[in-house]
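Work through the exercises below with the model open beside you. Try each task before reading its solution.

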Amino acid sequence: MSAQSGRNLNRRRRTGQVSYGLFLVATLVGIVALFLLLGDVFCKGVGWLDWQFLTSLPSRFPERSGISSALWGSLWLIGLTALFSLPIGVGTAIYLEEYARRGWLTRVIQTNISNLAGVPSVVYGILGLAAFVRALALGRSVLAGALTMTLLILPIVIVASQEAIRAVSASQRDASYALGATRWQTVRRIVLPAALPGILTGIILALARALGEAAPLIMIGALMFVPFVPTSPLDQFSVLPIQIFNWTARPQQEFRLIAAAAIIVLLAVLLTMNAAAVLLRNKYQKKAEE
Amino acid sequence: MGREGSPLTGEGAALSVSGGRPTPRAGGRRLGEWLIHRLLLLCALVSIFTTIGIILSLATQTVEFFRHVPILDFLTDTRWAPLFEPAHFGILPLVAGTVMVAIGASLVALPLGLATAIYLSEYAPDGLRRVVKPVLEVLAGIPTVVYGYFALTLVTPILRHFVPEASVFNAASASLVMGIMIIPMVSSLSEDAMMAVPRSLREAAYALGATRLEVSTRVVVPAALSGIVASFILAISRAIGETMIVTLAAGATPRLTVNPFEGIQTMTAYIVQVSLGDTPVGSIAYRSIFAVGMSLFVITLAMNVLGNLVVRRYREVY
């Protein structure tokens, strides 16, 4: 009896150790894939990366091609998207957290936001094509692209802002109301300053998402080949992900190498934004602990 | 006093009288408060208008599309050839391509993601977890076009080395790379659900002599099942809606096949293909992207609603 249970225990221990190894290996797969991807892109692209690559316009000849127009297009797009999504997103969050009564309208808005977060980005592209490019007749402009991107990232901005606002302690609000402040005064002077770092973190991450999107912009007709830098919101444009897509889709090896160089630039920008978000969050957390 | 006296005209005054405290200052303030309340409500309604806009823009063109293509043909025809004569508009090949890539991605992401979640929540020391989690989040933050590049220029050549009959564009490498992309979705949502399982349940199992594996698989995973299932559903929905990987790596040939080494076309890749070409606005091919988009929207919406429902309905509250 005891010998049998001892054997049984040994078997259970062995199974435990084997599965521990399996779980560890499974975890490593994702990490190894990440480094493989980064290493591959870096090896292929780094030789093409120089000042001329950053400042030249795209060309039929890979050695003369650059990402200047795509880089400026991305900057225009992100700037305008931030301009639109910040007030609308934060406004929605303030409404839901500070103003709305718990009723059917609030519930509908909240459910709707979580469903919008799961809509494929290409469907937002179709909306942008029908609403902004055609119905509002904005054409294939940066403005139409930025409006489309605003709708795409709004759910992310709203949810992040809501969490930041919810984290402000109720006692601070109560103190403000007790001094006779109105609702808006409380929001503007107490809640928003306290929630600002959290809100900014969320917005930076949302904009990073917008910076990497290609599909919705292809839908609204951002161009594959743009030999000029946009100078107004109504100009046509390209962005880095579309430039990368264009070069990757070509069969010539050289174009794939400069695609890798463009990917390095895109990832560098994204990494900077993510690092800024993390730094902001850490600084804020330290302050909150003090 | 002089400054605050000015709003005592027009609506401000009227409001303050109806509001009960007829001081000029409260009246101006109350008008401001009222305006701000409405403005914020307007912001909140943008998301409702977005949904209405999506449905309207898809529906109007889809209805036009079905005037030319019988809906029965759309759902049952086994060929999708919108640019040929005679044109065929059977969505089955596109759905089959989408489902094949989604299944392939799930075969990679669901087991690996769940195992990662179990490791991080039940096995990993605290310091290691603090390193691994952000690294996996980086994986989730990489743009999909970069994954497409990875699939086409690195994974496909390696795959063709081992499976020489695989074509340059194939479903297998797109699925594999997409699976890696959605690992973090599965692992972080599942891990959150497992971390929410109270310690006392684990301690009770350990007290009965269970090994770590037994605690993980017989206590923690069942207790966190609703969160895990929801993470699976949301990840699959994401795979169905993903566009750039399949556009770059899976090909542009709609085909009813079960062979993952052939080129196929997904619903999303078709939508992109049409908008890349110069299809005239108003033609049937142009309208077909709205019909396909509508199908995509309905499928992903159903899955997301289901996922959220699973979380809310079956969540164990401790």
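## Exercises on a predicted model

The model is predicted. Start with chain B: among its contacts between residues at least 6 apart in sequence, 68% join residues at least 24 apart.

**Exercise 1. State how many helices and strands chain B has, and what percentage of its residues is buried.**

Solution. 
- Step 1: Count the elements. Chain B holds 14 helices and 2 strands.
- Step 2: Turn to burial. Of the 318 residues in chain B, 47% are buried.

**Exercise 2. Decide whether helix 8 and helix 11 of chain B are roughly parallel or roughly antiparallel.**

Solution. 
- Step 1: Locate the pair. Helix 8 of chain B covers residues 171-195, and helix 11 of chain B covers residues 225-241.
- Step 2: Read the geometry. Their axes come within 8 Å and cross at roughly 155°.
- Step 3: Apply the cut-off. Angles over 145 degrees count as roughly antiparallel.
- Step 4: Conclude. Helix 8 and helix 11 of chain B are therefore roughly antiparallel to each other.
- Step 5: The crossing of helix 8 and helix 11 of chain B is right-handed.

**Exercise 3. Find residues through which helix 8 and helix 11 of chain B meet, and classify the contact.**

Solution. 
- Step 1: Take the helix 8 side. It includes B:Met178, B:Ile182, B:Met185, B:Val186 and B:Leu189.
- Step 2: Take the helix 11 side. Among its residues are B:Ile228, B:Phe232, B:Leu234, B:Ala235 and B:Arg238.
- Step 3: Sort the residues of this contact.

**Exercise 4. Work out how far helix 11 of chain B reaches, and how many of its residues are buried.**

Solution. 
- Step 1: Check the span. Helix 11 of chain B has 17 residues and reaches 24 Å from its first C-alpha to its last. That is close to the 24 Å expected at 1.5 Å a residue.
- Step 2: Check burial. In helix 11 of chain B, 14 of the 17 residues are buried, so this helix is largely enclosed by the rest of the structure.

**Exercise 5. Describe what chain B brings to its contact with chain A.**

Solution. 
- Step 1: Count both sides. Chain B gives 67 residues and chain A gives 63 residues.
- Step 2: Find the main contributor. Helix 3 (residues 24-68) of chain B supplies the largest share of the chain B side, 19 residues.
- Step 3: Sort the chain B side. It has 43 nonpolar, 21 polar and 3 charged residues.

Key. Residues are numbered from 1 along each chain as its sequence is written. Chains are lettered from A and ligands numbered from 1 in the order in which they are written. This is a predicted model: local features need pLDDT of at least 70, side-chain atom pairs count only at pLDDT 80 or more; totals for chains, interfaces and linings use all residues. Two residues are in contact if their C-beta atoms, placed from the backbone, lie within 7 Å. Helices (H or I, at least four residues) and strands (E, at least two) are DSSP runs, numbered from the N terminus. Ala, Val, Leu, Ile, Met, Phe, Trp, Tyr, Cys and Pro count as nonpolar, Asp, Glu, Lys and Arg as charged, and the others, Gly among them, as polar. Axes are lines fitted to C-alpha atoms, for helices over the stretch in contact, and angles run from 0 to 180 degrees between N-to-C directions. Angles under 35 degrees count as roughly parallel, over 145 as roughly antiparallel, 65 to 115 as roughly perpendicular and the rest as oblique. A crossing is left-handed if the near helix is turned anticlockwise from the far one by less than a right angle, and right-handed if clockwise. The expected span of a helix is 1.5 Å times one less than its number of residues. A residue is buried if 20 or more other C-beta atoms lie within 10 Å of its own, exposed if 12 or fewer, and partly exposed in between; C-beta atoms are placed from the backbone.
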